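This report describes one protein model for a reader who is new to structural analysis. Please look at the sequence and the structure before reading on.

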Amino acid sequence: SLSSGINAEWPLRPGFFKACHRYHVHPSPHHLDDLMEQHRGRPILTVSNHMSCLDDPMIWSVLYRYRRIALKWDEIRWTPGAQEILFSKGPALGLFMSFGKAVSCVRGAGIYQPVMDFCVDRLNSGDPVHIFVEGKVNADRDLIRPKWGVGRLVQDCQKPPIVIPFIHKGMEDILPLNTVIPRPFKRYILYCCFSLFDEKNLVLLAICDLSSLFLSLSLSLSL
């Protein structure tokens, strides 16, 4: 398809990242990929902190197996992207981001804007969705309240979703805020925490407690 053709740069990402940086993923590099295979057709919502403009898509270079990146573009995650950053700097950039499965999100427009409706539809169709719950790059590692839109996605899923929170550290050294050229030979750590909830109220409770989860994991990664 046209989208698959334009999105041919996806397979180049793992080579770039793995050749230029040292990384470690807990509990295993392809933990998320294995979960997607195990629970195919079940809504999967991943949530994480946001340290750099390079977070997405490079984190998926170590979470997905190469065959999924290269051959199964329809199974790659969808994610909201800030309209003023990704979709307002010319049609070429916006088209490029769209074929990378980013969807324009207007920050401050609330949890019932079209991008959130789209993400609910994708989850109900069995497609994975990723949310940066802080809503912005948090280079200072401040404790920021998770955005309410995550709860809306969980609540409106027809089936209780599998919620997979993960936290990562090091991308802020690879591409610091307000820079455009990635720095090679940096260390990157990703900690993936898997929880399967069968009741939506338990999932929503977990979402509400993400701030303390991220803080505790962040402290452990800094040791």
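## Surface and overall make-up

The protein chain exposes about 10900 Å², and 59% of this area is supplied by carbon and sulfur atoms. Accessible areas come from the Shrake-Rupley method with a 1.4 Å probe, and for residues only the protein chains shown count as cover. The model is predicted, so local features need pLDDT of at least 70 and side-chain atom pairs count only at pLDDT 80 or more, while totals for chains, interfaces and linings use all residues. Residues are numbered from 1 along each chain as its sequence is written, and side-chain values use heavy atoms, with hydrogens and water left out.

There are 12 helices and 7 strands in the protein chain; these are DSSP runs numbered from the N terminus, with helices (H or I) of at least four residues and strands (E) of at least two. Of its 223 residues, 48% count as buried. Here buried means under 20% relative accessible area, exposed over 50%, and partly exposed in between (1.4 Å probe, protein chains only). A contact requires heavy atoms within 4.5 Å. Among contacts in the protein chain with a separation of 6 or more, 77% are accounted for by residues 24 or more positions apart.

## Nonpolar cores

In soluble globular proteins, nonpolar side chains tend to be buried together. A nonpolar core is a set of buried Ala, Val, Leu, Ile, Met, Phe, Trp, Tyr and Cys residues joined through side-chain atoms within 4.5 Å. The largest such core has 22 residues, and those with the most contacts inside it are Ile59, Trp60, Leu63, Met171 and Leu190. At least two residues of this core come from each of helix H3 (31-38), helix H4 (55-63), strand E6 (162-169), helix H10 (171-174) and strand E7 (187-192). H4 gives the largest share, 5 residues.

A second, separate core has 18 residues, including Leu45, Val103, Val120 and Ile131.

## Aromatic pairs

A search of the whole structure finds 2 aromatic pairs. Rings of Phe, Tyr and Trp (its six-membered ring) pair if their centres lie within 6.5 Å; planes under 30 degrees apart count as stacked, over 60 as edge-to-face and the rest as tilted. Why is the pair of Trp60 and Phe166 edge-to-face? The ring centres of Trp60 and Phe166 are 6.0 Å apart and their planes stand at 90 degrees, so the pair is edge-to-face. Because Trp60 lies in helix H4 and Phe166 in strand E6, the pair ties together parts that are 106 residues apart in sequence. Both Trp60 and Phe166 are buried.

Trp78 and Phe118 also form an edge-to-face pair, with 5.0 Å from centre to centre and 80 degrees between the planes. Trp78 is in the loop between helix H5 (66-71) and E3, and Phe118 is in helix H8 (residues 114-124), 40 residues apart. Trp78 counts as buried at 16% relative accessibility, whereas Phe118 is partly exposed at 28%.

## Thr79 and the cysteines

Thr79 lies in strand E3 (residues 79-82) and counts as buried because its relative accessibility is 4%. Leaving aside residues up to four places away in sequence, Thr79 touches Asp56, Lys101, Ala102, Val103 and His130.

A disulfide is a pair of cysteine sulfur atoms within 2.5 Å, and by this rule the count comes to 0. Cys105 is in no disulfide; the nearest cysteine sulfur, that of Cys119, is 8.1 Å away. Cys105 counts as buried at 14% relative accessibility, and Cys157 counts as buried at 2%.
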